[in-house]
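I am keeping this notebook while I look through one structure, entry by entry. I want to write down what I looked up and how each term is defined.

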Amino acid sequence: MKLLVLGGTEFVGRAVVEEALALGWEVTAFNRGSHEPPAGVTALRGDRTAPGGLAALERGEWDVVIDTWSWAPVAVRDTASLLAGRAGHYVYVSSRSVYAPPVPFGADESAPIVAASADDGDGDYARNKAGAELGAVAAFGERALLARAGLILGPYENIGRLPWWLTRIARGGQVLAPAPRDLALQYIDARDLAIWCLEAARRGAGGAFNVVSPPGFVTMGQVLEACVQATGSDAELRWVEAEPILAAGVQQWTDLPIWLVGESYDFMHGADVSKAVAAGLRCRPLEETVADTWRWLQSIGGRPPMRPDRPSVGLDPDVEARLLRQT
């Protein structure tokens, strides 16, 4: 199989490249050259936002294209249109953020989508992803596969969610843990997302799929306890109810990564994923994801790369200490 990855050097794109190479696929990566792709990958250079930036893609044929773009939908529209006659399948790694709020617990792929256009310039994340989906489908039709991921974790994470928890727990001492301990979570390891996209495209799957673990695959307690185990820390998890945490001005999802309450929780951790499971989705054990992420984090000096377009995450130590004293 011949694969073209648009990007291919960071987080999900990097996972796609490594899993494809492991399968014996012939891999080409197209990007601006800010980071070098892994060994064994053919590198094409270009800037999708610049005039003439797709020139390197004007020749060549591929069985599968995988695109992780998160900005202006016009870039996906133009790229997919250029490749439609020379590529068999176009996989767009989208997001469940495309669903129009409020998204009820248990929603499947038929839930309403936010208003967007494939011709849009850069906007908010949800409209960017929704517009990009439209661009992929306009060019490839049923040969377009839309992988609507949710919370993505694993090695190479450049958002900082799991790395923050690992780093904080590795410091030890009392750690503020948002209750309830048995809060059920959904996420996807970037490598499992990559494997599913590759295999589903190889089989010719098309359309939209929610690609995260089944509801309740793990709990908040299991995530944080896996962090304690992976780091070998003497950290003591102090479970504190949501009310005093929110009253202190702590922001769910950013100050305390992964943790959500209310409608946001229903949206992020309540997806119906039966369609993706039926199409072969398999999720590795949580402990493997956490341990591998910790090993990777240590291998790069303990500071994860961070996307410049995403807010920093993590709880202010003074706020944490004050909450621990008060509860």
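**Entry 1: ground rules**

I note that this is a predicted model, in which local features need pLDDT of at least 70 and side-chain atom pairs count only at pLDDT 80 or more, while totals for chains, interfaces and linings use all residues. Residues are numbered from 1 along each chain as its sequence is written, and side-chain values use heavy atoms, with hydrogens and water left out.

**Entry 2: two helix pairs**

I looked up helices and strands as DSSP runs, numbered from the N terminus (helices are H or I with at least four residues, strands are E with at least two). At what angle do the axes of α2 and α3 cross? The axes of helix α2 (residues 73-83) and helix α3 (residues 125-140) cross at roughly 15° and come within 8 Å. That makes α2 roughly parallel to α3. For the wording I checked the cut-offs: angles under 35 degrees count as roughly parallel, over 145 as roughly antiparallel, 65 to 115 as roughly perpendicular, and the rest as oblique. The axes are lines fitted to C-alpha atoms, for helices over the stretch in contact, and the angles run from 0 to 180 degrees between N-to-C directions.

I also recorded that the crossing of α2 and α3 is right-handed, a word used if the near helix is turned clockwise from the far one by less than a right angle, with left-handed for anticlockwise. On the α2 side the residues that meet α3 include Pro73, Val76 and Ala80, and on the α3 side their partners include Gly131, Ala132 and Phe140, where contact means heavy atoms within 4.5 Å. The residues of this contact of α2 with α3 divide into eight nonpolar, four polar and two charged. In that count Ala, Val, Leu, Ile, Met, Phe, Trp, Tyr, Cys and Pro are nonpolar, Asp, Glu, Lys and Arg are charged, and the others, Gly among them, are polar.

Next I turned to helix α1 (residues 11-22) and helix α5 (residues 190-202), which pack at an angle of about 60° with their axes 8 Å apart. That makes α1 oblique to α5, and the crossing is right-handed. The contact includes Phe11, Val12 and Glu19 of α1 and Arg191, Leu193 and Leu198 of α5. The residues of the contact of α1 with α5 divide into 10 nonpolar, no polar and two charged.

**Entry 3: salt bridges**

Side chains of opposite charge can pair when their charged atoms come close. How many salt bridges does the structure hold? I find 17 salt bridges, each being a side-chain nitrogen of Lys or Arg within 4 Å of a carboxyl oxygen of Asp or Glu.

One of them joins Asp67 to Arg48, with the closest N and O atoms 2.9 Å apart. Asp67 lies in strand β4 and Arg48 in the loop between β3 (42-45) and β4, so the pair ties together parts that are 19 residues apart in sequence. Both Asp67 and Arg48 are buried, a word that means under 20% relative accessible area, with exposed over 50% and partly exposed in between (1.4 Å probe, protein chains only).

Another salt bridge joins Arg181 and Glu225, at 2.4 Å from N to O. Arg181 is in the loop between β8 (174-178) and β9 (184-185), and Glu225 is in helix α6 (residues 220-231), 44 residues apart. Arg181 counts as partly exposed at 43% relative accessibility, and Glu225 counts as partly exposed at 31%.

I also noted a network of salt bridges that links Asp189, Arg191, Asp192, Arg284, Glu288, Asp292 and Arg295. Within it, Glu288 pairs with Arg284 at 3.0 Å between the closest N and O atoms.

**Entry 4: two residues and their surroundings**

Is Trp69 buried or exposed? Trp69 counts as buried at 14% relative accessibility, and its place is the loop between β4 (62-67) and α2. Not counting residues up to four places away in sequence, Trp69 touches Arg48, Thr49, Ala75, Val76, Tyr92 and Lys129.

Thr219 lies in strand β12 (residues 218-219) and counts as buried at 18% relative accessibility.

**Entry 5: backbone**

Most residues other than glycine have a negative phi, and most peptide bonds are trans. The peptide bond from Pro101 to Pro102 is cis, with omega near -5°, and the bond from Ala179 to Pro180 is cis, with omega near 5°. Phe11 has a positive phi, near 35°.
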